[in-house]
Amino acid sequence: MKTILMTTALIAATLAGGAWAETDTIAGDPLTVETIVDQAEMIRIADAIDAGVDAKDWALTRAMFTDEITVDFTSLVGGEPTTIPADALIAGWSGNLTAEKESFHLRGNHRVTFTGADSAVMLSHGYAWNRMERGALPENGGDPLWEVWGTYEHSFARTDDGWKVDGMTFTATAERGSEFVRNTPGS
């Protein structure tokens, strides 16, 4: 609550012609109305990705990315980080998270660092839950749930259409539940 009040007070002071100390920062970056607005937009975008995935709104989800994206999900699937068309990322997600497989994604503790005038990196903690009833069948392990916790790093680029994600890394720190649900695309 104190952070919200402080941010609101800073915005109000700015709009009223006031100022705050030059030492005020967001993750080390100077605190300005622009950095506050940019930070809020990046958090909104990351949250919209999660909401879009869970709603299986692939057009909305795709709109949050640049045309190419560097992805690193190696902590979950092995391999190497790679740069792919964002359409391929969305095709992979939509092929795995069909109507049969429910998901719930949650993220918090967002920390934005501006790496240039038109670039930034956001770190956050993440949680994902997947449920597929077929997992409850004895031959599939008897558990319909799979969960994972970890950290996200989203890199952002300012485009003509506003901020977009151009890189995404997920580092799993813990997981539990059904390997069947984790590894089997919904039908």
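Select E100. E100 is partly exposed, at a relative accessible area of 23% (partly exposed lies between buried, under 20%, and exposed, over 50%; 1.4 Å probe, protein chains only). This is a predicted model, in which local features need pLDDT of at least 70, side-chain atom pairs count only at pLDDT 80 or more, and totals for chains, interfaces and linings use all residues. Residues are numbered from 1 along each chain as its sequence is written, and side-chain values use heavy atoms, leaving out hydrogens and water.

Helices (H or I, at least four residues) and strands (E, at least two) are DSSP runs, numbered from the N terminus. R134 is partly exposed at 29%.

Next, select E102 and R131. They form a salt bridge, with the closest N and O atoms 3.9 Å apart. E102 lies in strand β5 and R131 in strand β6, so the pair ties together parts 29 residues apart in sequence.

Stay on β5 (residues 102-116) and pick N109. Its phi is near 55°, positive in a residue other than glycine. N109 is exposed, at 53% relative accessibility.

Move to R107. R107 forms a salt bridge with D50, and the closest N and O atoms are 2.8 Å apart. This pair joins helix α2 to strand β5 across 57 residues. D50 is buried at 7%; R107 is buried at 9%.

Show all of α2, residues 33-55. Its 23 residues should span 33 Å, and its end C-alpha atoms are 32 Å apart, which agrees (expected span: 1.5 Å times one less than the number of residues). K56 is partly exposed at 23%.

Then go to D72, in strand β3 (residues 65-72). D72 is buried but has no salt bridge; R182, the nearest side chain of opposite charge, is 12 Å away (Lys and Arg count as positive, Asp and Glu as negative; His and the chain ends are not counted).

Finish by colouring on pLDDT, the predictor's confidence in each residue, from 0 to 100. The mean is 89, and 84% of residues reach 70 or more. Over residues 1-5 the pLDDT is below 50. Where pLDDT is low, the predicted coordinates should not be read in detail.

Methods: A salt bridge is a side-chain nitrogen of Lys or Arg within 4 Å of a carboxyl oxygen of Asp or Glu. Contact means heavy atoms within 4.5 Å.
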